[in-house]
Amino acid sequence: MDERDRETIKLVASIMGNVAAIAVGVAIFEKTPFAMYVACFFALLAVFTIRELR
């Protein structure tokens, strides 16, 4: 895997992490419990994507 592929994977993982952070904010301030499920899902996707780098 070359450096460009690694940077692309990091970018995708950071986008998923940002979506998870936004979903947590929505869950807290809008009191929408479904948003926490979305946040957990995207956080897990981000973690598994980063683990793919090893």
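**Group meeting: the α1 and α2 helix pair**

Start with the contacts. From α1, Ile9, Val12, Ala13, Met16, Gly17, Val19, Ala20, Ala23, Val24, Val26 and Ala27 touch Ala35, Met36, Val38, Ala39, Phe42, Ala43, Leu45, Ala46, Thr49 and Ile50 of α2. Contact here means heavy atoms within 4.5 Å. Helices are DSSP runs of H or I, at least four residues, numbered from the N terminus.

A word on the source. This is a predicted model, where local features need pLDDT of at least 70, side-chain atom pairs need 80 or more, and totals for chains, interfaces and linings use all residues. Residues are numbered from 1 along each chain, and side-chain values use heavy atoms, without hydrogens or water.

Now the geometry. Helix α1 covers residues 3-29. It packs against α2, residues 34-51, at about 160°, with the axes 8 Å apart. Axes are lines fitted to C-alpha atoms over the stretch in contact, and angles run from 0 to 180 degrees between N-to-C directions. The two helices are therefore roughly antiparallel, a label for angles over 145 degrees.

Next, charges. The whole structure has 1 salt bridge. That term needs a side-chain nitrogen of Lys or Arg within 4 Å of a carboxyl oxygen of Asp or Glu. The partners are Glu7 and Lys10, at 3.5 Å, N to O. They sit 3 residues apart in α1, so about one helical turn separates them.

Key:
Parallel < 35°, antiparallel > 145°, perpendicular 65-115°, else oblique.
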